[in-house]
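Subject: Structure handover

Hello,

Here is the structure for you to look over. My notes follow below it.

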Amino acid sequence: MIGFNNSNQAAKRWAIACSITFFSLTALAQNAHIVVDASRVINKIPAKMYGSCIEDVNHEIYGGLYDQRLYGESFEEPAPADKVIGWKTLQGNWKVADGAVSVNPGPGYKLIRENPAVKDGSIEADLKFSKDAQNAGFIVRVNNEQEGMDDFDGYEISIAPGRQTLVLGKHVHNFKLLKEAKATFDKDAWLHLKVEVKGAQILIYLDNSTTPTIDYTDESKPLLAGKIGLRTFHADVKFKDVVIKQNNTVIKNEFIGKEMPAVSGMWDAIKATSVKGKFLLNDAGAYNGKQSQVLEYTSGTGKLGVANSGLGRWGISLRKGQKLQGYVFLKTSQIDLPVTVALQSADGSKTYAFIRSNGIPEKWTKFSFTLTANATDTKARFAIYIEKKGKLEMDQAVLMSTGKDQFKGLPIRADIATKMQQEGLNFVRYGGTMVNAPDYKWKNMIGSADKRPPYEGHWHPYTSNGFGIEEFVAYCNAAGFEPAFAINVEETPEDVSNMVEYLTGSATTTWGKKRATNGHPAPYKLHYIELGNEEVIWDDLTNDYKQYAERFNMLYDAIHAKNPDIKVICAAWWRPKSVENMEMVFRAVNGKADYWDLHIDDDEANAGKIVDKNLQYMRDMFLKWDPNTKLKITIFEENGGLHNMQRALGHATTMNAVRRHGDFVLTSCAANGLQALGQNDNDWDQGQIFYTPSQVWGMPPFYATQMAAKNHEPLRIFDSVEGDLDVTATRSENGDELVLHIVNTKSTATKTSVDLGGFTSNSPVKIATLSGDPKAENMPQSPERIATKETTMPLTGKTFEYSFPANSYTILRFKK
């Protein structure tokens, strides 16, 4: 449909198109029929149902919402591996030795041959796996490659030694399994893998066999040309004797390693041609964490230093006149050694702001600075350097914005925070698999950010504690969101008790006083805490469920001893077919847990139908086990791997399901709330709000939430539907306003007759529509390609006809 705000002419066309839908009831053959009875109230609608789930899975926090503009602040990442000449490294510590190349285990590390692009040809090599390796092999016809597990387009051909399997998959910034084949081989020996590509045909051979183990033709939008590369997935593996052929011509390949400077992995070396000096990583006496960065300037003229370009080196966005603030901890071998910090262009040829120290002591000293940019650059960098003989050691560097660029004075990006408010959110959950990391402990997240220890996170091996539970709760309180967060279920009862007192206790209590000392005298507004995340998701193990139930009750008692008003959420993984284990957990937490966290899949347009059935089943089982139970459900993760129009429809049908079970459900939090463009490290490619260093915009599901929140009414009323539309009807408390939520998941428009029963509308009908190609997404160059279109149309009476667009979510609001 035409955007209503594009021009007056477009607006007129939109209004005319809408007016055509209100035909005479006898003029159009119907294929759907909706009847509403506003006098029959079925249930209440959850007041806090417009939720979002955030966790640091795809850099939602560190590199996103958290205003720290530097990535790798504590210099914890190891120095990069040797550069393999002629190949591009996309994550992983690739090393060359004895003619072979190897890499440490990790999630989707890639080594891409820089040229040529191969249309038809082959690649073969010998591979040697270590123990417990998952899979590794080739990627062919590679394009649009980036760091991240699935961030490329191409075919994957890999060996899974533990499963004795050959795997063929297709990546279009996601993963789709095309074919697997079992094979017999010695997983501890060198294995020879070969793949040939001919048009859409892919042939895979193992151990010099002349018969392909897999012969597959891709008939669905085949990828026909691209680069060749190596890819591993949690595998310590060596590759040698790589032979690449194109049109029967052998492309010479030899692995040659080039030593890289010892600079922490998220930073880049700055070294003038005439400078003699070196870079070191010191693992003794770091200010914070396990290591610090060292510069040793021996002789010459020019700069020796390091530069940081933010998350994934995507650049630091600057506006002319913008003021940034920060600090870095430094110590030197000589007190008169000048140290400069600067904002520069990506190549360092331009300097936008700088400040030079007057001298740094031999002991760790906090060097604070303010930098005002003299130009606009969306891909700038931050640099620290020296220009004369001496030794400089640095650690814990911070660069943040100031003033209006921060949200209400908090270390939060104002543009992202404001966009979350514009979405219409009223509930935000902070949690996910990140809380299951052993070192995810709340006491490491309070006090001065300078001394909060970095830790090995679940999603990222070098994770910052600069943004923690307290920052999350403070942000939600300032933004007007209801906060809920998950904690590691292995926290001790004493620590959990202290946490509750720290967050909600009076400043006269022991831990409340610590909070006040840390800058927040008043208790935070907090009502919900979840114990764990997706506990026992790994398998249906009775003893593990029992252990979780024991931990739950132990921590519940600790929480309620400090604050009985806190509502506690059970995070045991729900398995509908495991009735005995589910009943066991239910009986263990019943009477204590207020909600059971159900995680659902939202990718399919009609996802709400399955959610509806699951909610009804859980409700029936709860009441069967205890007819008087007060235990209810909360959906803290609507998951998937999409963020397109199809996902928006899935979210809309899920919200309809939640309305139908409104007196049984607390909220429904779409995941993930945020996502950094081009920085996806895993399969969770599902952000509602996307961002770059300089831009923030909503994906189609963002608009589905916004529409629903804007048109919230507290009561669900009776509706009857004939046809394939997914519908819920709601009204105001006084009965003066009525709202219909209609989702058409079909690929054709649905002509519908609507009967409002006893409700007579005498005011223009307000219409909000979200529709488009199911695969459509919003991107920086077209951030509102899929967005809500609003208009009003006259209506007199109780019946009318309307054609709901294909692949659409429509809201009709009526007023007496």
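In which strand is K170 found? K170 sits in strand β11. Strands here are DSSP E runs of at least two residues, helices are H or I runs of at least four, and both are numbered from the N terminus.

Some ground rules. This is a predicted model, where local features need pLDDT of at least 70, side-chain atom pairs count only at pLDDT 80 or more, and totals for chains, interfaces and linings use all residues. Residues are numbered from 1 along each chain as its sequence is written, and side-chain values use heavy atoms, with hydrogens and water left out.

**Two polar side chains**

K170 is buried, at a relative accessible area of 10%. Buried means under 20% relative accessible area, exposed means over 50%, and partly exposed is in between (1.4 Å probe, protein chains only). The K170 side chain makes a polar contact with the side chain of D218, at 2.9 Å. A polar contact is a pair of N or O atoms within 3.5 Å; within protein, one must be able to donate a hydrogen and the other to accept it, and residues adjacent in sequence count only if both atoms are side-chain atoms. A polar atom of the K170 side chain also lies 2.9 Å from the backbone oxygen of K221.

N639 belongs to strand β36 (residues 632-639). N639 is buried too, with 9% relative accessibility. Its side chain makes a polar contact of 3.2 Å with the side chain of Q686.

**The second largest pocket**

The volume is about 1,200 Å³. Pockets come from a 1 Å grid over the protein atoms alone: a pocket is an open set of points with protein on both sides within 12 Å along at least five of seven lines, where a 1.4 Å probe fits, and lining residues have an atom within 4 Å of a point. The volume is the space filled by probe spheres set on the points.

The lining has 36 residues, and V172, H173, N174, L642 and E777 lie nearest the centre. β11 (165-172), β12 (176-182) and β38 (674-676) each supply at least two lining residues. By type, the lining divides into 11 nonpolar, 14 polar and 11 charged.

Strand β42 (residues 726-731) is largely enclosed by the rest of the structure, because six of its six residues are buried. D726, T728 and T730 point one way, while V727, A729 and R731 point the other.

β42 runs antiparallel to β41 (residues 715-722), joined by three bridges. Strands pair if DSSP finds at least two bridges between them. R716 stands opposite T730. Three residues separate the strands of this hairpin, and G723 takes a positive phi near 120°.

β42 also pairs with β43 (residues 737-744), antiparallel, over six bridges. V727 has I742 as its bridge partner. That hairpin has five residues between the strands, with G735 in the turn at a positive phi of about 80°.

**Helix α10**

α10 (residues 700-710) is mostly covered, with eight of its 11 residues buried. Among them are F702, Y703 and M707.

**Cysteines**

The disulfide count is zero, with a disulfide taken as a pair of cysteine sulfur atoms within 2.5 Å. For C570, the nearest cysteine sulfur is that of C669, 16 Å away. C570 is buried at 0% relative accessible area. For C669, the nearest cysteine sulfur is that of C53, 6.4 Å away. C669 is likewise buried, at 0%.

Best wishes

Conventions:
Nonpolar A, V, L, I, M, F, W, Y, C, P; charged D, E, K, R; others polar.
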